[in-house]
Amino acid sequence: MPDTELVRLEGVRRRYRPDRAPVLDGVSFVLPRGAYVAIIGESGVGKSTLLNVIAGLEPVDEGRVLVAGTDLAGLGDAALADFRRRSLGFVFQAFHVLPYLSVADNVALPLALLGVAAGERATRVAAMLAVLGLAGAESRSPKELSGGELQRVAIARALVHRPALILADEPTGNLDPATAAQVQRALAGAVRAHGGGGLLITHSAAAAATADRIYRFDGRSLQPVTTD
Ligand SMILES: Nc1ncnc2c1ncn2[C@@H]1O[C@H](COP(=O)(O)OP(=O)(O)O)[C@@H](O)[C@H]1O
Ligand SMILES: [Mg+2]
């Protein structure tokens with residue numbers, strides 16, 4: 001796998017039930033390093049499954065998943081957990097911000113897990129919050145934040161440890177259109193500021209337009225969508 005590639009899928013097949021067609025049916029795809037790519041597609045075609053397979057959260061039945069040159073199938077549980085902690089940032093539709101921790105403590109979690117010292121954590125949390133338009137929000141409680149603010153906290157937490165790959169699964173699906181547009185811009189800006197690669201799953205054309213490229217997924221293949 002060339003070093004210019006961040007993710008490579010080769011003929012990936014994933015079947016949940018033997019009596020049903022596979023959800024992922026021989027999918028091949030390459031995400032170049034530094035690219036922010038949106039994947040759109042109908043509900044139920046397997047977009048979340050695709051992302052979970054790339055995150056090593058689900059195994060594949062056939063084919064290969066390589067992230068930064070590493071074949072995920074070759075990793076044991078501990079190595080896979082370590083890969084996720086270091087190299088991945090995941091943003092979900094539900095924010096999963098912990099309500100009893102401050103904004104700063106939520107965002108600092110990935111750094112704490114990696115053993116980053118407290119002073120360095122505080123510096124990086126402040127910088128990340130500023131990128132997402134949340135400068136000075138460190139001591140606030142998630143309970144007093146809006147949905148858009150909570151999702152930006154979740155994005156800050158997904159990026160703070162500078163993962164090689166950011167995966168976002170319908171991150172604005174729970175937000176009203178105006179807030180969603182603001183969060184999509186914040187996510188795109190943060191992924192670009194960070195310089196890693198990103199995959200955004202969405203069914204919104206407006207959200208997809210914040211990415212560098214758009215592909216449509218139908219369970220089998222990813223076809224480029226031309227926007228002009
Ligand atoms: N853990 C699971 N067990 C069984 N079927 C599943 C599981 N996860 C997803 N599916 C099925 O796989 C298909 C694709 O699901 P999903 O990847 O969530 O699609 P999307 O994100 O595009 O809406 C759906 O038919 C769904 O019901
Ligand atoms: Mg989904």
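Visitor: Let me start with one residue. Where does alanine 211 lie?

Guide: Alanine 211 is in the loop between helix H7 (205–208) and strand E9 (213–217). Keep in mind that this is a predicted model.

Visitor: Is alanine 211 buried or exposed?

Guide: Count C-beta neighbours. A residue with 20 or more other C-beta atoms within 10 Å is buried, and one with 12 or fewer is exposed. Alanine 211 has 22 C-beta neighbours inside 10 Å, so it counts as buried.

Visitor: Which residues does alanine 211 touch, not counting those up to four places away in sequence?

Guide: The list is Tyr36, Val37, Ala38, Ala188 and Leu200. Take alanine 188: 23 residues separate it from alanine 211 along the chain, and their C-alpha atoms are 6.7 Å apart.

Visitor: Now the whole chain. How many helices and strands does it have?

Guide: The protein chain has 7 helices and 10 strands. Its radius of gyration is 17 Å, close to the 17 Å that the globule rule gives for 228 residues, so the chain is as compact as a globular protein of that length. The C-alpha trace spans about 50 × 40 × 35 Å along its principal axes.

Visitor: What share of the 228 residues is buried?

Guide: Buried residues make up 42%. As for contacts in the chain with a separation of 6 or more, 70% come from residues 24 or more positions apart.

Visitor: How do I read a helix? What span should H4 have?

Guide: Work at 1.5 Å a residue. Helix H4 covers residues 118–131, and its 14 residues should span 20 Å; the end C-alpha atoms are 20 Å apart, which agrees.

Visitor: Which residues of H4 are buried?

Guide: First the general idea. An α-helix has 3.6 residues a turn, so residues three or four places apart point the same way. Now the case here. Arg121, Arg124, Val125, Met128 and Leu129 are the buried residues of H4. Seen down the axis of H4, they fall within an arc of 135°, so they line one face of the helix.

Visitor: What does the face of H4 turned away from its buried side carry?

Guide: That face carries the exposed residues Gly119, Glu120 and Thr123. The buried residues of H4 pack against helix H3 (103–113) and helix H5 (147–159).

Visitor: Take H5, then. How many of its 13 residues are buried?

Guide: In H5, 12 of the 13 residues are buried, so this helix is largely enclosed by the rest of the structure. Some charged side chains are in the set: among the buried residues are Glu149, Arg152 and Arg157. The 13 residues of H5 should span 18 Å; its end C-alpha atoms are 19 Å apart, which agrees.

Visitor: What do the buried residues of H5 pack against?

Guide: Their partners are strand E6 (88–91), H3, H4, strand E7 (165–169) and helix H6 (177–194).

Visitor: Now backbone angles. Which residue has a positive phi of about 55°?

Guide: Most residues other than glycine have a negative phi. Histidine 96 is not a glycine, yet its phi is positive, about 55°. It is in the loop between E6 and H3. Histidine 96 is partly exposed, with 13 other C-beta atoms within 10 Å.

Visitor: What is phi for arginine 162?

Guide: Arginine 162 has a phi near 50°, again positive in a residue other than glycine. This residue lies in the loop between H5 and E7. With 16 C-beta neighbours inside 10 Å, arginine 162 counts as partly exposed. For a glycine case, look just after H4: glycine 133 takes a positive phi of about 70°.

Visitor: Which residues is histidine 194 in contact with, leaving aside neighbours within four places in sequence?

Guide: Leu159 and Arg162. Histidine 194 is in helix H6. This residue is buried, with 21 other C-beta atoms within 10 Å.

Visitor: Back to the loop between E6 and H3. Is proline 99 buried or exposed?

Guide: Proline 99 sits in that loop. It is exposed, with 10 other C-beta atoms within 10 Å. Not counting residues up to four places away in sequence, proline 99 touches Pro142 and Lys143.

Visitor: Last, the ligand. Which residues are around ligand 1?

Guide: Tyr16, Val23, Gly41, Ser43, Gly44, Val45, Gly46, Lys47, Ser48 and Thr49. By class, this shell has 3 nonpolar, 6 polar and 1 charged. Tyrosine 16 also gives a distance to check: its C-alpha is 34 Å from that of proline 99, and the two are 83 residues apart in sequence.

Note on methods: Residues are numbered from 1 along each chain as its sequence is written. Chains are lettered from A and ligands numbered from 1 in the order in which they are written. This is a predicted model: local features need pLDDT of at least 70, side-chain atom pairs count only at pLDDT 80 or more; totals for chains, interfaces and linings use all residues. Helices (H or I, at least four residues) and strands (E, at least two) are DSSP runs, numbered from the N terminus. The radius of gyration is taken over C-alpha atoms; the globule rule is 2.2 Å times the number of residues to the power 0.38. Two residues are in contact if their C-beta atoms, placed from the backbone, lie within 7 Å. A residue is near a molecule or strand if its C-beta atom, placed from the backbone, lies within 6 Å of it. The expected span of a helix is 1.5 Å times one less than its number of residues. The arc is that of the directions from the helix axis to the C-beta atoms.
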